[in-house]
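Subject: Structure for you to look at

Hello,

Here is the structure I promised to pass on. Please open it and keep it on screen while you read my notes below.

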Amino acid sequence: MTIKIKKKNIYEWIPPILLLMPYLDRGWIRHTFLYSKNGVYFYPILIFMIVVGCVFAFITRHHVFCSRLRQIIRGTSFLAFLTFLSGAVISIQNNNFAVFAVQFMWLFIPIWYAWEVYAFICHKKLNIGNIVDKYLGLFAAYCIFSIAIQMYSYGFYFGSSIRLGGGSGSGGLLFSYTVAIVFGLLILRKKYIPVVKRILLAGIYFLFAILSGSRGAIFIILFELVLYFFSYKKTYQRIMMVSAAFLFAVIENPMEYIYQIAPRLLELSDNKRAQTINSTLNVFSKQGIMRDLFGNGLGQFFPYQEWLGSINSLYGTIHFKNIISINGELFLVQPHNTYIHLLLEIGIIGLAVFMIILFLMMKFLLNTHVGECRRNLLIIFFIICAFNCLDAVFSMAPGIASIWWILTLIVIGYKDAEKEGSVSSL
């Protein structure tokens, strides 16, 4: 008996594996391969993205996207040109071009890399549904691996007030936000995944979200579960599922168990993000019209690269506070909000172009799908956009940004397997 392995089946494993690669950019790998010079830091994952992106660019050099996707690509190219033109001028005047150049690469290499991965998917006419299914399994395996590693190496235990992280230099929050996005993909694929496997995957994701201590991720996952319960077509199924959930909440009091497992989840005293929003409004109202329109230059307002140079933030050996004073106002040195970061560093015009790109993506999604599939895809898309209000994922976390941009493109290019099953038309 011979087993035939199709090339397409092998190719379908490549994107899910690439979606996990940024999590290797941590620990001794980062400390060994991190390139730093004159106070700027070039992460190893950026080198990986450049190499893989160039390989995919060569493979897909003759692939042509449909006109609507080309509009998104042109918009992104214009944003990169605008950001480089204004930021280069300002950074040269400030004698700080190296910082600008690195932050520019942090912002745009993940976008370019994601497009090359997506072009590979389209060029090879791979089934996005199969790619998502494989990624769901690999991501759950990584969650289990991460819990085991942190228990073995760092002494993590259930009930500790320490937030469980997922790697990629992002700590627990960004990983927990990614868990919520992946949870949405699980609901999207519920018709194609056996119920036992679906429950197992959901349990793993939910456990990690709790241990990460992210209230935002938990609320989003609970919202997704409500939608999942109401996706049943028959009324009695909805009533039974909602009733069971209500009885469990009343009788078992799950919040007590959650507090015992992850007390960090119920700590509600952090107001640093609100302070940053208030400071942004104050600074924005006082600076001139040119800075309002074109910003202060990428990497020129938030001294994030300088902050990375401190032994506190780069290696985590000493407790540190990441609140700093800029122009007399208090900010998180990493603003934890993509839109605030872009507003202050590339201005109203740059942020407007960025929002137009997101709008074009949403418009493409709306015009490509109908019914429950479109609803689930829109929810995932909005979750990605909303979480960028809680952390500057797209602009200041290059490893996670590459994952989220790939997932965003997968969402807008998704095809219902019952209808088309591939992205060959793109």
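A helix here is a DSSP run of H or I with at least four residues, and helices are numbered from the N terminus. Helix α4 covers residues 44–59, and Val 55 is found in it. Please note that this is a predicted model.

**The whole chain**

The chain has 426 residues, and buried residues make up 52% of them. Its secondary structure comes to 20 helices and 4 strands. The accessible surface comes to about 20,300 Å². Carbon and sulfur atoms hold 66% of that surface.

Go back to Val 55 in α4.

Tyr 35 is 12 residues from Ile 47 in sequence. In space, their C-alpha atoms are 10.0 Å apart. Tyr 35 is found in strand β1, residues 35–37. Its relative accessible area is 48%, so Tyr 35 is partly exposed. Leave aside its neighbours within four places in sequence. Tyr 35 is then in contact with Val 40, Tyr 41 and Phe 42.

Arg 26 sits in the loop between α2 (14–20) and α3 (27–33). Arg 26 is partly exposed, with a relative accessible area of 25%. Arg 26 and Tyr 43 are 17 residues apart along the chain. Their C-alpha atoms are separated by 9.6 Å.

**Helix α13**

Next, find α13, residues 272–286. This helix has 15 residues. From first C-alpha to last it reaches 21 Å, close to the 21 Å expected at 1.5 Å a residue. Which residues of α13 are buried? They are Thr 276, Ser 279, Thr 280 and Val 283. These residues cover an arc of only 110° around the axis, so they are on the same side of α13. An α-helix has 3.6 residues a turn, so residues three or four places apart point the same way.

What covers this buried side? The cover includes β3 (323–326), β4 (329–332) and α17 (338–368). The face turned away from the buried side carries the exposed residues Leu 281 and Ser 285.

**Salt bridges**

How many salt bridges are there? The count comes to 4. Here are three of them.

- Glu 329 forms a salt bridge with Lys 286, with the closest N and O atoms 3.8 Å apart. Glu 329 lies in strand β4 and Lys 286 in helix α13, so the pair ties together parts 43 residues apart in sequence. Glu 329 is buried at 13% relative accessible area, whereas Lys 286 is exposed at 64%.
- Glu 12 pairs with Lys 134 in a salt bridge, with 3.5 Å between the closest N and O atoms. Glu 12 lies in the loop between α1 (7–11) and α2, and Lys 134 in helix α7 (residues 128–154), so the bridge ties together parts 122 residues apart in sequence. Glu 12 is buried, at 3% relative accessibility. Lys 134 is buried too, at 19%.
- Lys 190 and Glu 372 meet through their side chains at 2.3 Å, N to O. Lys 190 lies in the loop between α8 (171–188) and α9 (195–211), and Glu 372 in helix α18 (residues 371–387), so this pair ties together parts 182 residues apart in sequence. Lys 190 is buried, with a relative accessible area of 13%. Glu 372 is partly exposed, at 33%.

**Two positive phi values**

Most residues other than glycine have a negative phi. Asn 327 has a positive phi of about 55°, although it is not a glycine. Asn 327 is found in the loop between β3 and β4. Asn 327 counts as exposed, at 62% relative accessibility.

His 336 also has a positive phi, near 55°. His 336 lies in the loop between β4 and α17. Is His 336 buried or exposed? His 336 is buried, with a relative accessible area of 14%.

Best wishes

Technical notes
Residues numbered from 1 in each chain as written. Predicted model: local features only at pLDDT ≥ 70, side-chain atom pairs only at ≥ 80, totals over all residues. Heavy atoms only, no water. Expected span 1.5 Å × (residues − 1). Buried < 20%, exposed > 50% of the residue type's maximum accessible area, 1.4 Å probe, protein only. Arc of directions from axis to C-beta. Contact = heavy atoms within 4.5 Å. Areas by Shrake-Rupley, 256 points an atom, 1.4 Å probe, with all protein chains shown as cover.
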